[in-house]
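Good morning, and thank you for coming.

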Amino acid sequence: MASMITVDFENCFIFLLLCLFSRLSYDLFFRKTKDSRAGCALPPSPPSLPIIGHLHLILFVPIHQSFKNISSKYGPLLHLRFFNFPIVLVSSASTAYEIFKAQDVNVSSRPPPPIEESLILGSSSFINTPYGDYSKFMKKFMVQKLLGPQALQRSRNIRADELERFYKTLLDKAMKKQTVEIRNEAMKLTNNTICKMIMGRSCSEENGEAETVRGLVTESIFLTKKHFLGAMFHKPLKKLGISLFAKELMNVSNRFDKLLEKILVEHEEKLQEHHQTSDMLDMLLEAYGDENAEYKITRDQIKSLFVDLFSAGTEASANTIQWTMAEIIKNPKICERLREEIDSVVGKTRLVQETDLPNLPYLQAIVKEGLRLHPPGPVVRTFKETCEIKGFYIPEKTRLFVNVYAIMRDPDFWEDPEEFKPERFLASSRLGEEDEKREDMLKYIPFGSGRRACPGSHLAYTVVGSVIGMMVQHFDWIIKGEKINMKEGGTMTLTMAHPLKCTPVPRNLNT
Ligand code: HEM
């Protein structure tokens, strides 16, 4: 009898566990978010599989390509589901326009941080901070002190020095007939440039600091991408007490913290000695110590901002330089026309300078076209509140993914969308009023749109423009093999699956 009671109890316990597990599984994987309200349905959705929803549709090619394939088949505004993680996918300029016109504040925050205390993607990160007092204060600060036209004018010499250093590196490689991996060299340039612009010096190559920063930036960018994909599983796993990538994120964050704390202390000591601010870091430290500051920033926010600026500002520009050079080398006629422009405006005896860019419309058009065909990243936001888009119901907390890659290759807006044709930007600047319409402008959004658009676009155009100009002005580029492999790679950011490697040959040895 006693043993029967035990068996019954065990069965009961197992039964209870099964009930709990089923309920949990249902909550985690099946329960749908509230999906309609009076007279208003969710946007259309492609056929999905049980449990995983639409996950199988994005597994095999880079995400922007998978999303482009889905939208070409099912439409420009879609509701997708990965497990029970809802995403609204936008792939047309007119839908993007409607969102940024009517819902800009509602979509002005990014997905919540995976780990609060991490400097990367944590709660002190500017990129991750919800739209509000801090994001407004910091964006204004960044524009005034670092990225706006006047700030860029003040830091012009820094970029001129870096361009010259880059030129000498290429010349040295050319003399030794060495191959250059364009993206790697461009990353060194963008990293040093951002470093110097923010803290008045570039990290030293000699003591390995620069290498450490580059390594940390690469690791944090990689983790950011992994996090986005992991975010689909983040919520259900969190309920089970599992935090994806937590250890890796904290490891990189702690190493960044150590390095940045050392740099902050150095700057504080210098400030105490000289009582004079000379770079953005000094100004941030001043705001940090100011009791009456417009917004009271924390030490972690300063450190996180550095991580954000390194991550956001270096890789995207380096990738754009790589893709655009690949297009130029692939198209000798375009290269020739660009050289003629540069030779006639700048001559052959000095390096292209930033101040030449307004007089080099074809070079500007090439950079724009490079960004149109190969935008480094998508726009990812969160709908804070429930709303209606094009008559469809969007529940609160739905993730928004604007596929800028698909928008900028939309055949309804772009003639020969898959072709590299810089002239289209020379022509469109003459179209005048038609192109002034904001809806039309949203067909070209490599830097996003609205309140959380990229504040670094001027800097990016300047750096990419002068680097490409210098590389074409002074060198011929020899590739191995017959043609460049333009296959796309990367998960969240669009990279070349086979990094561009080529050998520079000086055009004018007397320069
Ligand atoms: C070719 C180069 C670049 C491209 C294509 C690019 C693109 C983007 C995109 C698509 C976004 C998201 C915008 C949105 O959500 O609407 C963004 C955000 C951002 N970018 Fe860039 N970016 C580039 C260079 C830079 C540079 C040089 C910096 C600064 C050093 C920078 C700083 C930022 C920051 C701070 C944000 C977050 C803005 C916010 O949350 O308000 N970017 N960028």
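Let us start with β6 and strand β9 (residues 399-402), which run antiparallel and are joined by four bridges. Helices (H or I, at least four residues) and strands (E, at least two) are DSSP runs, numbered from the N terminus. Two strands pair if DSSP finds at least two bridges between them.

A word on the source. This is a predicted model, in which local features need pLDDT of at least 70 and side-chain atom pairs count only at pLDDT 80 or more, while totals for chains, interfaces and linings use all residues. Residues are numbered from 1 along each chain as its sequence is written, and side-chain values use heavy atoms, with hydrogens and water left out.

β6 and β9 belong to an open sheet of four strands, ordered β3-β4-β9-β6, with mixed pairing. β3 (77-82) and β6 (379-382) stand at the edges with a single partner strand each, so one side of each has no neighbour in the sheet. From one strand to the next, the twist averages 25°. Helix α2 (residues 63-74) lies across β3, β4 (85-90) and β9, at about 125° to β3. Here, axes are lines fitted to C-alpha atoms, for helices over the stretch in contact, and angles run from 0 to 180 degrees between N-to-C directions. Contact means heavy atoms within 4.5 Å.

Now to another sheet. Three strands form an open, antiparallel sheet in the order β5-β13-β10. Its edge strands, β5 (180-181) and β10 (475-479), each pair on one side only. In β13, Cys502 is the bridge partner of Val180. Helix α6 (residues 156-175) packs on this sheet and touches β5, β10 and β13, its direction making about 90° with that of β13. Helix α18 lies across β10 and β13, running at about 85° to β10.

Which helix packs with α18 at an angle of about 115°? Helix α13 (residues 361-373) does so, with its axis 10 Å from that of α18 (residues 457-474). That makes the two helices roughly perpendicular (65 to 115 degrees). Among the contact residues are Leu363 and Val367 of α13, and Tyr461 and Ile468 of α18.

Finally, the ligand. Its iron atom has a single donor from the protein, Cys454 (SG), 2.3 Å away; donors are N, O and S atoms within 2.8 Å of the metal (3.2 Å for Na, K and Ca), and water is not among the atoms, so sites may look incomplete. Cys454 is placed in the loop between α17 (438-441) and α18.

Note on methods:
Angles under 35 degrees count as roughly parallel, over 145 as roughly antiparallel, 65 to 115 as roughly perpendicular and the rest as oblique.
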